[in-house]
Amino acid sequence: MPFKRSFNTVGVHCAGETCDVVVGGVRDVPGRTMYEKMMYVWKNNDELRNLLLNEPRGCPAMCHNLLLPPCNPEADIGFIIMEHEEYPPMSGANTIATATCLLETGIIPMEEPETVVKLDAPAGLVTVYANCSNGKCKRVRFHNVPAFAFALDKEITVPGLGTVKVDIVYSGMIFVLVDAASVGIKIKSSQGANIVEVGERIKRAMAEQTDPVHPENPQIRGATILEFTDPVTNYKDGKASLNTVVVSPGRLDRSPCGTGTCARLAALHARGELADGEPLYHYGITGTEFIGRIHGTTKVGNYDAVYPSVTGSAWITSFKQVVLDATDPFPEGLRVGDVWKMDSEE
């Protein structure tokens with residue numbers, strides 16, 4: 001068969017979010033850090049992301065994770081997260097999915113009742129504690145890089161909405177957090193198209209009016225992802241809240257969003273609304289749950305930061321061999337404006 005490329009992937013979903021893992025078919029790439037490797041792939045091998053995520057092999061609501069040798073000597077393995085419009089330095093759902101894949105396929109030996117895995121992510125070292133039983137990875141708790149608020153209640157002007165108050169928070173990605181009710185949003189699946197449209201409008205205004213820069217890695221800059229939130233309520237032994245995250249080019253995260261949960265932890269802690277160790281039961285648009293906790297505080301540059309963790313579960317859905325025929329007229333896939341959000345000039 002005249003195949004130009006061939007990849008082995010494991011299909012995984014984490015709390016509803018498709019987070020497939022590329023386990024074979026890609027060699028290592030240059031870079032002293034995983035962030036440098038991520039940037040090398042983005043600049044030099046971006047056709048891989050397009051091939052896997054665009055139609056006909058992909059769809060708007062999915063991600064892929066590329067396994068690579070680690071750069072950090074403490075890490076067991078490295079990974080790069082690929083989304084449709086960017087390579088985020090960190091993603092919680094993808095971390096949970098990747099860890100589940102690594103353990104259930106035997107790439108990393110599973111130990112019961114708990115396996116500790118250290119992942120080298122572009123954002124930094126992420127430690128995973130996986131609860132395992134009878135060969136299954138039941139639940140995964142990952143300890144993320146420190147999360148902190150650049151600004152709380154920052155006012156921006158949004159066309160059609162007027163002045164909107166937002167929180168700008170780093171948690172492996174730079175999030176914009178918006179109280180859903182403040183812009184007339186109800187977090188319901190049936191309102192998905194409207195949620196996406198309003199969220200993308202706010203993100204565009206954010207890009208024009210702000211430019212947050214990570215104090216330790218100036219290449220991480222600009223808010224690229226938006227989270228709508230409902231108020232927190234007292235629940236069980238902690239707090240609970242509903243959220244949904246708008247992911248470019250215009251769709252909703254099917255999970256409660258791991259980095260979004262970390263961002264929420266940092267914002268709530270900064271306001272004095274969540275204590276160290278107090279659980280946040282965080283729900284997403286599909287009703288699935290992540291549990292977030294704060295494990296102490298630190299500083300990132302001049303910003304007060306928290307050490308966040310998130311607990312969730314993932315499930316393997318398939319084992320696939322993805323190929324590119326040498327005669328395929330769409331070597332990087334395709335997008336059509338009926339389901340892909342596209343700029344009017346495209």
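Biologist: What should I know before I start?

Modeller: Residues are numbered from 1 along each chain as its sequence is written. In this predicted model local features need pLDDT of at least 70, side-chain atom pairs count only at pLDDT 80 or more, totals for chains, interfaces and linings use all residues, and side-chain values use heavy atoms, without hydrogens and water.

Biologist: How do I read empty space?

Modeller: Rolling a probe the size of a water molecule over the atoms shows where empty space is left. On a 1 Å grid over the protein atoms alone, a cavity is a set of points where a 1.4 Å probe fits but cannot get out; a pocket is an open set with protein on both sides within 12 Å along at least five of seven lines; lining residues have an atom within 4 Å of a point. Points join across faces, edges and corners, and a volume is the space filled by probe spheres set on them.

Biologist: How many cavities of 30 Å³ or more are there?

Modeller: The count is 1. The largest cavity holds about 100 Å³. Of its 16 lining residues, Glu83, Ser91, Asn94, Asp253 and Cys257 are the closest to its centre.

Biologist: Which domains supply at least three residues each to that lining?

Modeller: Domain 1 (3-143 + 316-325) and domain 2 (147-310), with bounds from an automatic or database domain assignment.

Biologist: And the second largest pocket?

Modeller: Its volume is about 290 Å³. Among its 17 lining residues, the closest to its centre are Asp167, Asp179, Thr229, Arg264 and Arg271.
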